[in-house]
Amino acid sequence: MTEQRPTPRTDSPDLLPTATGARTRAAVAELLRPMRASALLALAVMVGATAIGLLVQPLLGRIVDLAADRGSVDAVTTTAALLVAVAVAQGLSTGYGLSLLSRLGETALARLRERFVERALALPLDRVEKAGAGDLTARVTADVSLIAEAVRNALPELARSLLTIVLTFGALALLDWRFLLAALLAVPVQAATARWYVRRAVPLYAAQRVAAGAQQQQLLDTVAGSSTVRALRMEGEHTERVAERSRSVVELTMRGVRLVLGFYSRLHIAEYLGLAAVLFTGYWLVREDAASIGTATAAALYFHSLFGPVNAALALLDDAQSATAGLARLVGVTDLPAEPDAGHAVRPGGVDVTVRGLGHAYRLGHPVLHDIDLTIRHGERVALVGASGAGKTTLARLVAGIQPPASGTVLVGGVPPTELGATGTLALITQETHVFAGPLADDLRLAKPDATDGELRAALDRVEALTWADALPDGLDTVVGDDGHKLSGAQTQALALARLILADPPLVILDEATAEAGSAGARALEKGVARAVDGRTALIVAHRLSQAAAADRVVVMDGGRIVETGTHDGLRAAGGRYAALWDAWSDTRDTPDPHP
């Protein structure tokens, strides 16, 4: 029977979801379940190390008793030697236990990262776009960093502190049960403090993570669109938006600072109350000859030694709450239901594309496509042209299966593109091609992992890219991407086309794939496009009308509708919308008409 997981909640209809507290705890248990043996070993070692450390206070108390009773020097020396042995044994066992805990935490964190990346990569692109890159980026960077910091530092320290607290209370009871009762007077104040803090910290830190994601999204939007912002003279408006998001983050951060200050002030009250009670109990027991001075000293040292662990355990609630908030955001993504992968296969060498009655709107009541009918035959190259905002990219995205249409149907080889899954049936290349960090050969092999060097070179040669690839400092072994050799816009697009050849999909969709190439590299890149799509069904959103001229058929769009369709020569002769676009485009370029 399939396990039913609760639906992750979301603070906004567009943001990616956040898991509930119960689901987050269950996810942690799932991660640790395969490592139960390691967890038990780590616990046993830490318990032993803590128990060894608790021998220090009774040994110090014995030295006090020896001094009060004028004991022999040999007895004091023996006790001091035992103290040294205890310190060495505790240090060694604690180090081993902490290493086991760290390995346990890092392994669980690595598995969580793998699950998150796997699920994030499988998210529908429209879902990511609606949430914004900032939300996903904040989860991948800030939230993962918080959890990693907690796993490496907070988790071992918290485990050590909790064990010390529990075993120290047990040691107090062994000295005299009345010492334990005196020490427990501090517990209600500490418990009330922890409860007061957690009740306020959980929603506060969750709000901080959301605000940080919104701030990052605004920064990304402003920086990415800086040229447009300047062109429209919207610098002031965008600066105010960034400032508003930043003020929200600062306000929430200061609320957190005030919360922590109140938290520590309450802890100090508990410490003084408990220590006073233990000292008074020790004085009374010594006076009544119910305990020695050394025993009373050991009890006071025991309680004083709790200051560090108790404060650390409660203070680590701060890190724990931040990490828990980040963990809930990661689990919210990993728990998203997987998209059904029907995996319908189609025949190689090209497919038919059929679009009927297609309509679409990104916002209700604001349609961007109206009743589109289009058929692309097997192996045909169709170019979409039109002014900006005509609906070309939206139509290409729907054919690519990025999202389902609002109305009408799109079929690729008789199958809705959203149901093709990872069958390699189609490939979409846009002007925003990413260069992955690493050797150029590895970047190419993302499309075909088992490709030989010869196949890589053949693919590059086919798209007019082998010459510049061989000219790189280390040829195909040159590291590209972040912190590597920087590729030009034309080189980046040629790399994408070479990947396309290696992947060998029957349907290719190019969305202004040559837009980033300057005029110097445009012609070579267009030759590469022609070779890459040769023998495939192709839908090309044409940035340069020379691409339209080379296509088998041209489809002209305006206002979300198809207004003309035909061959380049036929549409020019008709003197309609396409002819006007061609004339306007040709007047600004010295490129001769490939079809005079």
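**A surface patch and a sheet**

Reply: In this predicted model, Trp177, Leu181, Leu184 and Val187 make up a nonpolar patch on the surface, and their accessible area together is about 370 Å².

Me: Is Leu181 buried, partly exposed or exposed?

Reply: Leu181 has its place in helix 7. Its relative accessible area is 46%. Buried requires under 20% and exposed requires over 50%. Because the value for Leu181 lies in between, the residue is partly exposed.

Me: Which strands are the edge strands of the open sheet?

Reply: Six strands form this open sheet with mixed pairing, in the order 5-8-9-3-10-11. An edge strand here pairs on one side only. This applies to strand 5 (426-430) and strand 11 (561-566).

Me: What does the twist average from one strand to the next?

Reply: The order of the strands in the sheet is 5-8-9-3-10-11. From one strand to the next, the twist averages 15 degrees.

Me: What is the bridge partner of Leu384 in strand 9?

Reply: Strand 3 (residues 381-385) and strand 9 (residues 537-541) run parallel and are joined by four bridges. In strand 9, Leu384 has as its bridge partner Val541.

Me: At what angle does helix 16 run to strand 5?

Reply: Helix 16 (residues 489-503) lies across strand 5 and strand 8 (507-511). Its angle to strand 5 is about 180 degrees.

Technical notes:
Residues numbered from 1 in each chain as written. Predicted model: local features only at pLDDT ≥ 70, side-chain atom pairs only at ≥ 80, totals over all residues. Heavy atoms only, no water. Patch = residues over 30% accessible without salt bridge, like charges linked within 9 Å, V, L, I, M, F, W, Y side chains within 5 Å. Areas by Shrake-Rupley, 256 points an atom, 1.4 Å probe, with all protein chains shown as cover. Salt bridge = Lys/Arg side-chain N within 4 Å of Asp/Glu carboxyl O. Helix = DSSP H or I, 4+ residues; strand = E, 2+ residues; numbered from the N terminus. Buried < 20%, exposed > 50% of the residue type's maximum accessible area, 1.4 Å probe, protein only. Pairing = 2+ DSSP bridges. Axes fitted to C-alpha atoms, helices over the stretch in contact; angles between N-to-C directions. Contact = heavy atoms within 4.5 Å.
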